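Here are some friendly notes to read alongside the model. Please keep the structure open as you go through the points.

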Amino acid sequence: MFSEIYVTDFHTLVQAIQAGAKKILLGAGNLDQAVTVSKGFIAEASKYAHEHQVSVTLIIKAKAQGYVYSDIEAKMMEADIFEAQALGVDAVAIGALTDAGRLDLDLMEQLSASAGGMQVVANFAVDEIQADAQTEAFTWLADHDFDKVMTTNASVLATSDLFYLEVSEQRLTEALSGKTAVITTKI
């Protein structure tokens with residue numbers, strides 16, 4: 001199982017790493033509405049995390065509500081991915097849907113191509129994919145080398161002061177050809 005600690009500020013990042021976190025997810029706001037953090041935070045968080053052999057995944061999201069994006073929002077997210085790459089981020093978490101609740105394959109392909117060399121993670125947009133389109137979406141993600149899938153459709157486990165989500169749906173791991181689906185939460 002992959003587990004990451006979601007952090008929204010540098011102080012929490014330091015606490016998470018001191019508590020033993022090996023993977024950090026950066027975002028601003030509540031996890032279910034997280035957006036991309038500032039360039040300064042990305043730079044300092046990546047530097048500190050890498051000094052402690054901790055990987056960093058950055059949420060790439062142009063707005064808090066929803067996963068259907070305008071052309072301008074798509075350009076903003078693409079620019080954020082290029083910045084993340086320049087600042088040493090290990091992975092980006094992306095997700096985009098159509099108005100019909102299906103994976104926006106064109107935008108997903110554009111954003112994942114922009115990540116060139118970084119790992120690519122499907123974000124919580126997968127939770128909003130229409131039921132009849134889920135198998136197709138997860139298959140597409142696996143076929144396009146997405147490394148992980150973030151989902152809130154999970155059961156919560158507690159380990160000391162850190163909480164993790166564990167994916168409980170068999171179809172995720174099957175659709176991802178044995179790759180483990182992800183899970184994230186706050187300290």
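**Notes on the model**

1. Let me begin with helix α5, residues 134-143, where the buried residues are Gln134, Ala137, Phe138, Trp140, Leu141 and Ala142. Please keep in mind that this is a predicted model. Just past the end of α5, Asp145 has a positive phi of about 60 degrees.

2. Next come the aromatic rings. A pair of aromatic rings is described by the distance of the centres and the angle of the planes. How many aromatic pairs does the structure hold? There are two. In one of them, the ring centres of Phe10 and Tyr48 are 5.5 Å apart and the planes meet at 75 degrees; angles over 60 count as edge-to-face, so this pair is edge-to-face.

3. Trp140 and Phe146 form a tilted aromatic pair, with 5.9 Å from centre to centre and 50 degrees between the planes. Both of these residues, Trp140 and Phe146, are buried.

4. Helix α2 also holds Ser46. With a relative accessibility of 1%, Ser46 counts as buried. Which residues does Ser46 touch, leaving aside those up to four places away in sequence? The contacts are Val56, Leu87, Gly88 and Val89.

5. Searching the whole structure turns up one cavity of 30 Å³ or more, and the largest cavity contains about 50 Å³ of space. Its lining is made up of Leu31, Asp32, Gln33, Ala34, Ile59, Lys61, Tyr67, Asn123, Phe124 and Met150. Sorted by class, the lining has six nonpolar, two polar and two charged residues.

6. Where does Lys61 lie relative to the ring of Tyr67? Lys61 is over the face of Tyr67, 4.5 Å from the ring centre.

Methods: Residues numbered from 1 in each chain as written. Predicted model: local features only at pLDDT ≥ 70, side-chain atom pairs only at ≥ 80, totals over all residues. Heavy atoms only, no water. Phe/Tyr/Trp six-rings, centres within 6.5 Å; stacked < 30°, edge-to-face > 60°. Buried < 20%, exposed > 50% of the residue type's maximum accessible area, 1.4 Å probe, protein only. Lys NZ or Arg CZ within 6 Å of the ring centre and 35° of its normal. 1 Å grid on protein atoms, 1.4 Å probe; cavity = no way out; pocket = protein on both sides within 12 Å on 5 of 7 lines; lining within 4 Å. Points joined across faces, edges and corners; volume = space filled by probe spheres on them. Nonpolar A, V, L, I, M, F, W, Y, C, P; charged D, E, K, R; others polar. Helix = DSSP H or I, 4+ residues; strand = E, 2+ residues; numbered from the N terminus. Contact = heavy atoms within 4.5 Å.
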